[in-house]
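Start with the confidence of the model.

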Amino acid sequence: MQPAATACGLLLLFGYLTVRAFSGTYVWYDPYISPAVAPALFTPASGYPGAVPVAHAWLGAFPAWWPAFLPQTPAFFIPWMALAFRFTCYYYRGAYYKAVALTPPSCAVRGPARRYRGETMLLLFQNLHRYTLYGALFLIVCLWWEGLSAFFRDGQFGVGVGTIVMIVNAALLSAYILGCHSWRHLVGGRLDCFSCPHAGGGRDDAGVSRLPAYALWRSSTWFNERHLLFAWCSLVWVVLTDFYIYLVATGTIFDRSTW
Ligand code: FES
């Protein structure tokens with residue numbers, strides 16, 4: 001049941017986000033921007049109701065050379081990094097391998113008689129996860145920027161339900177990234193052993209390493225132990241954030257705010 005539920009959940013949430021990212025419509029309600037298209041490098045100048053305004057896109061309107069058969073959505077430029085990051089995430093890999101291929105079975109679970117070859121051959125591309133981390137770090141800075149910018153409408157400070165929704169979105173995604181195995185390895189100084197003499201830094205009376213990298217590694221460990229939780233919470237919240245902005249942009253609901 002668990003692999004089946006995981007497969008349904010992932011299909012539903014990623015399916016929704018893919019459709020929304022490709023549509024590029026109703027993704028903006030001043031000053032809110034949907035995480036499905038944020039940050040916007042280019043934006044359509046016309047023909048896409050509820051699109052990001054040209055003034056908000058980093059490089060303005062889509063250039064004339066943009067192929068006509070492709071939809072004009074900002075998701076093509078930076079937001080796709082989130083998908084690459086999640087797709088190669090150690091947790092998601094484990095989840096969708098089990099959900100789709102039913103292999104490898106979990107530890108001590110008698111699984112179907114299939115030969116498990118590990119992540120070899122074509123699956124070696126999953127090693128790119130450590131590089132997708134850099135893209136995710138860049139993206140999270142952008143999402144915090146967009147979240148903090150959502151406190152201002154026409155230069156006037158205020159707060160709306162959408163502002164809070166966007167800030168929670170950035171916070172949950174940060175918690176997800178801070179627990180990433182690649183991040184933990186990186187901030188831990190890429191050491192395999194903190195207590196070994198070659199690690200340096202010395203140890204306190206309790207024998208705990210004094211290395212700053214050790215403290216960072218410990219803090220990342222807290223998030224890492226909850227990686228599954230933050231993976232799901234952040235994914236669900238991205239969908240909810242987009243859906244909220246869609247609802248206010250289409251006029252279906254009213255955004256309560258101080259403006
Ligand atoms: S291991 Fe999950 S995001 Fe890196």
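The chain has a mean pLDDT of 90, and 91% of its residues reach 70 or more; pLDDT is the predictor's confidence in each residue, from 0 to 100. This is a predicted model: local features need pLDDT of at least 70, side-chain atom pairs count only at pLDDT 80 or more, and totals for chains, interfaces and linings use all residues. Numbering runs from 1 along each chain as its sequence is written.

Eight helices and four strands make up the chain. Both are DSSP runs numbered from the N terminus: helices are H or I, at least four residues, and strands are E, at least two.

H5 (residues 161-178) packs with H8 (residues 227-249): their axes come within 9 Å and cross at roughly 155°. Axes are lines fitted to C-alpha atoms, for helices over the stretch in contact, with angles from 0 to 180 degrees between N-to-C directions. H5 and H8 are therefore roughly antiparallel (angles over 145 degrees).

Which residues of H5 meet H8? Among them are Val165, Val168, Leu172 and Tyr176. Their partners in H8 include Phe230, Trp237, Tyr244 and Val248. Contact requires C-beta atoms, placed from the backbone, within 7 Å.

H8 has 23 residues and reaches 32 Å from first C-alpha to last, close to the expected 33 Å. That expectation is 1.5 Å times one less than the number of residues. Just after H8, Gly251 takes a positive phi of about 80°.

Methods:
Angles under 35 degrees count as roughly parallel, over 145 as roughly antiparallel, 65 to 115 as roughly perpendicular and the rest as oblique. Two residues are in contact if their C-beta atoms, placed from the backbone, lie within 7 Å.
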